[in-house]
Amino acid sequence: MARPTITDVAKLADVSPSAVSMYLNNRPGLGMETQVRIAESIDELGYVPRSNDSRRKSKGFIGLLVEKLPKLLTGDLFYADVATGIQKEAERFGYSLAISVIGESPKALPRLVAEDTVAGLLALGGGDITDELLQLIINRSMPLVTVDNQSNLQAVNSVVVDNFRGAYRATQHLIELGHRRIGIIQGPAKYKSLTERFHGYVNAQIDVGFAVDWQLVQQPLSSGYPNKGYREMKALLSLEEPPTAVFAVSDRTALGAIQALQEVGLQVPRDFSLVGFDDMPPNAYPPPALSTVTSERIAMGRIAMQRLHRVIKNPRYVPIQIVMPSQLVIRGSSAPPRKAN
């Protein structure tokens with residue numbers, strides 16, 4: 001099989017070969033969405049650029065490391081807002097962004113790190129951005145700040161959401177409404193943020209003296225868009241004693257759950273209550289508006305970029321974790337349990 005070329009990458013990404021060349025050489029002028037398309041095309045084709053020792057190393061660039069998502073970075077509300085905050089603050093400091101997309105189980109350092117072409121790196125999200133990959137980056141002594149991720153192997157500068165408290169408050173809200181059989185639809189364990197949300201759900205029940213019913217802890221059965229949460233809700237409804245309410249670890253999961261409820265004739269919140277996490281705008285989906293947990297996503301990106309700038313200027317800074325507050329937003333998807341006839 002012929003070795004992939006820049007032309008092949010350009011065709012798959014639906015851009016010009018010159019745009020691919022700009023991306024490979026960390027030149028300004030490409031939008032974030034275009035950079036993501038090119039990065040994903042390089043990953044999909046396995047394209048390896050020819051080494052060029054004379055390439056000018058630009059220290060006016062910040063690397064943005066992102067996991068390969070089912071949708072483009074700009075199509076995911078949470079990450080799009082965080083990335084917007086990062087970009088605005090980077091521009092204020094005089095940096096340009098260079099994006100690198102990480103595929104499943106990366107076996108090598110990202111190009112931006114291996115070629116030492118950026119002043120520092122922001123790793124946005126978890127999943128395939130593993131502790132082991134972060135350790136490789138740290139070993140290269142590259143300034144690094146993780147966003148919505150952290151390392152369990154070594155202290156690293158990080159900016160995260162208070163996932164535990166947000167999930168705790170969401171579950172507490174359902175308890176206060178009178179629900180006693182409260183389920184949870186979990187997410188993949190590789191995401192530390194979703195694991196923290198699960199712990200918040202468990203602790204909220206323990207703190208009021210409830211025994212956690214592990215039948216109501218629904219493991220993920222599906223992934224992707226738009227039906228994440230659909231099969232999981234079907235499984236919960238098939239129980240001999242199904243829950244009367246569910247905390248879904250993301251709003252998209254909650255929307256898939258609502259579809260499953262509607263198919264069996266259950267109305268939200270008359271027959272069943274749901275609380276999500278991430279605060280998708282209510283006009284982005286059919287009613288009812290979701291009760292959910294929100295956070296300051298754009299501010300999160302700005303703060304992460306500010307921290308990285310400080311670390312670039314002074315690498316001796318002791319690594320710290322900055323926790324962004326989360327807040328419960330009560331809307332139309334949660335109500336007291338329906339009384340039996």
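**Reading strands and helices in a predicted model**

Strand β10 (residues 292–295) is covered on both faces: Thr-292 and Thr-294 on one side, Val-293 and Ser-295 on the other, are all buried.

Student: What kind of model is this?

Tutor: A predicted one. Keep that in mind as we go.

Student: How do I read strand pairing?

Tutor: Strands of a sheet pair through backbone hydrogen bonds, either parallel or antiparallel. Take β10 here. Its pairing with strand β12 (residues 326–329) is antiparallel, over 4 bridges. Val-293 has Leu-328 in β12 as its bridge partner.

Student: In which order do the strands of the 6-strand sheet lie?

Tutor: The order is β2-β1-β3-β4-β5-β11. The sheet is open, and its pairing is parallel. At the edges are β2 (96–102) and β11 (321–324), each pairing on one side only. From one strand to the next, the twist averages 20°.

Student: How many bridges join β4 to β5?

Tutor: There are 3, between β4 (residues 144–147) and β5 (residues 157–161). These two strands run parallel.

Student: How far apart are the end C-alpha atoms of α8, and what span should its residues give?

Tutor: Helix α8 (residues 192–206) has 15 residues, so at 1.5 Å a residue it should span 21 Å. Its end C-alpha atoms are 21 Å apart, which agrees.

Student: How do I read the faces of a helix?

Tutor: An α-helix has 3.6 residues a turn, so residues three or four places apart point the same way. Now look at burial in α8. The buried residues are Lys-192, Ser-193, Leu-194, Arg-197, Phe-198, Gly-200, Tyr-201, Val-202, Ala-204 and Gln-205.

Student: What covers the buried residues of α8?

Tutor: The cover includes helices α6 (131–139) and α7 (163–176). It also includes strands β6 (182–185), β7 (217–218) and β8 (245–248).

Definitions and conventions
Residues numbered from 1 in each chain as written. Predicted model: local features only at pLDDT ≥ 70, side-chain atom pairs only at ≥ 80, totals over all residues. Heavy atoms only, no water. Pairing = 2+ DSSP bridges. Axes fitted to C-alpha atoms, helices over the stretch in contact; angles between N-to-C directions. Expected span 1.5 Å × (residues − 1). Buried < 20%, exposed > 50% of the residue type's maximum accessible area, 1.4 Å probe, protein only. Contact = heavy atoms within 4.5 Å.
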